[in-house]
Amino acid sequence: MNPRKMKQMMEQMGIDMEDIDAQEVIIRTPDEELVFDDAEVQLMEAQGQKTYQVVGEPESRELGSGEGSAAAEGDSDESDSRGSAAADDADESGSDAGVDEDDVELVAMRAGVDEDTAREALEANDGDLADAVDELE
């Protein structure tokens, strides 16, 4: 089917799709973490429901005590090195804890709180946007 025609039909049915510029997607299961680097992510919204589609090859990380969690923590530290550098830069510029200002604004807007409260929630949740919003709602 013609992609333009498909998009037109979806709009008529009230289905909205948008690409999300995701750098990393992590899916945690009771046994492992599936980590997608440079995944293609699409958001589809229909009838008030949001559905995310993730396309890519995941790297599997083991969860649990001992060597598996240490490896996962090590991988996490490596992948967060860019974020840590950004946090260090933000600390030098006088920011409270290096939380990204765009994230603070997004959490504040989504949860309906002031930016200081949003920043504290982000810091308490290690910068995780979804957890910070959940905590505030």
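User: How do you know how helix α4 and helix α5 pack, and at what angle?

Analyst: Happy to walk through it. In this predicted model, helix α4 (residues 101-111) and helix α5 (residues 115-124) pack at an angle of about 110 degrees, and their axes are 8 Å apart.

User: Why are α4 and α5 called roughly perpendicular?

Analyst: Angles of 65 to 115 degrees count as roughly perpendicular. The value for this pair is about 110 degrees, so α4 and α5 get that label. Their crossing is right-handed.

User: Which residues make the contact of α4 with α5?

Analyst: From α4 come E101, D103, V104, E105, V107 and A108, while α5 brings E115, A118, R119 and L122. By kind, these residues divide into 5 nonpolar, no polar and 5 charged.

User: What makes D100 partly exposed?

Analyst: Buried means under 20% relative accessible area and exposed means over 50%, with partly exposed in between. D100 has 41%, so it is partly exposed. D100 sits in the loop between α3 (81-92) and α4. From D100 to L122 the C-alpha to C-alpha distance is 9.3 Å, with the two 22 residues apart in sequence.

User: Why is helix α1 said to lie largely in the open?

Analyst: Helix α1 (residues 3-12) has 10 residues and the number buried is 1, so the helix lies largely in the open.

User: What caps the N-terminal end of α1, and how do you know?

Analyst: The cap is N2: one of its side-chain oxygens lies 3.0 Å from the backbone nitrogen of R4, and a polar contact needs N or O atoms within 3.5 Å. Just after α1, G14 takes a positive phi of about 80 degrees.

How values were computed: Residues numbered from 1 in each chain as written. Predicted model: local features only at pLDDT ≥ 70, side-chain atom pairs only at ≥ 80, totals over all residues. Heavy atoms only, no water. Buried < 20%, exposed > 50% of the residue type's maximum accessible area, 1.4 Å probe, protein only. Helix = DSSP H or I, 4+ residues; strand = E, 2+ residues; numbered from the N terminus. Polar contact = N/O pair within 3.5 Å; in protein donor to acceptor, adjacent residues only side chain to side chain. Axes fitted to C-alpha atoms, helices over the stretch in contact; angles between N-to-C directions. Parallel < 35°, antiparallel > 145°, perpendicular 65-115°, else oblique. Left-handed = near helix turned anticlockwise from the far one by under 90°. Contact = heavy atoms within 4.5 Å. Nonpolar A, V, L, I, M, F, W, Y, C, P; charged D, E, K, R; others polar.
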